[in-house]
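Subject: Handing over a structure, with notes

Dear colleague,

I am passing this structure on to you, and my notes on it follow below. Please read them with the structure open beside you.

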Amino acid sequence: SDLGTALPGGDSSAASSAPIHAGGQLAAPIGALLKPEIKGLNPDPGPDGQYVSVALPGPASKVSGSVVLWLPQSYTQPRSAHRRYPVIELFHGIPGSPREYSHDINLGKMVAGLAAARRIREAILVMPDSSPHQIDTECVNGGSRGLAMEDWLTRDIPSWVRHTLRVQPDRQSWATMGLSTGGFCSAMAAMLHPATFGAGIELGGYLSPQFDSHYRPFARGSTPWKRYDLVSVAAKTPPPVALWLETSKTDSLSYGGNARLIATATAPMAVTADVLPDAGHRMSVWVAVMPTALHWLGTTMSGFRP
């Protein structure tokens, strides 16, 4: 059954339209997906690749949400029929959506250009909506008061991707990336799930949940909150992941936590930091450093090496 409708590589503006449901219904359970393909893709989308939106129910999390994918041009070409790709799972800011990557930045085009310059291997981009109905979930499991968003993002989505797309399954071929709130989500996913993700890119992120007044599934300092105190995680049980981060001394939201992480992290965790003196907390800064961060991924992780 069709699992999505392709969007032309040069026009990503429709990527945030209503999620596509398989055969008009929610996609089949993961175990029922036998063919590692998405039907209906443009066989030759052009050098910028193509975006596709899918609706993804989560067997583990019981969360259903939308995910935007970007597939490089080569994915649908016959000569690549047996090729498997590395994966970057991307997390958006708040307020925001996957459109930050598919429309505002057109990250697929950036990755295609970097791959053509042999600075990173072509990768599949996976961009979930982590704020359903405009709820700032902070990507965490909300327990009895909220959604199991961490489980959806780090268990259900990777499982679906591995069963549905032609991807490399090993952790050297899986990374996360995010900006602002998505930076926290990226660091959290990589640090708490090192068996899945070998690396993370954190752009202007913070390192513990910052709930707004409309959604507070647990209190700061509580047992559930401590799970997501990433500086403490790095101090007590540093995970075997590589993290590239950007922060600025004038970014009051991200600098304090990241400075502590830089000072705290020890092997087997590795932190590469770009600490800017006066960049603040804004999209233009993150877009400007993305090529550097992605090139770092291409030199650090074997699955992303060109």
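**Aromatic residues and cores**

At 15% relative accessibility, Phe211 counts as buried, where buried means under 20% relative accessible area, exposed means over 50% and partly exposed lies in between, computed with a 1.4 Å probe on protein chains only. Please keep in mind that this is a predicted model, in which local features need pLDDT of at least 70 and side-chain atom pairs count only at pLDDT 80 or more, while totals for chains, interfaces and linings use all residues. Residues are numbered from 1 along each chain as its sequence is written, and side-chain values use heavy atoms, with hydrogens and water left out.

Phe218 is buried as well, with a relative accessible area of 9%. The rings of Phe218 and Tyr228 have their centres 6.1 Å apart and their planes at 5 degrees, so this pair is stacked; rings of Phe, Tyr and Trp (its six-membered ring) pair if their centres lie within 6.5 Å, and planes under 30 degrees apart count as stacked, over 60 as edge-to-face and the rest as tilted. Phe218 lies in the loop between strand E7 (199-203) and helix H5 (223-227), and Tyr228 in the loop between H5 and helix H6 (230-236), so the pair ties together parts that are 10 residues apart in sequence. Helices (H or I, at least four residues) and strands (E, at least two) are DSSP runs, numbered from the N terminus. Phe211, Tyr215, Phe218 and Tyr228 form one aromatic cluster, and the structure holds 6 aromatic pairs. Among them, the rings of Phe211 and Phe218 have their centres 5.2 Å apart and their planes at 85 degrees, so they are edge-to-face.

Turning to the nonpolar cores (sets of buried Ala, Val, Leu, Ile, Met, Phe, Trp, Tyr and Cys residues joined through side-chain atoms within 4.5 Å), the largest has 52 residues, and Leu69, Val161 and Leu165 have the most contacts inside it. Helix H4 (181-192) is one of the elements that give two or more residues to this core, and H4 provides its largest share, 8 residues. Apart from this core lies another, of 35 residues, including Leu114 and Trp286.

Finally, Ser252, in the loop between strand E8 (242-248) and helix H7 (255-264), counts as exposed because its relative accessibility is 77%.

With best wishes
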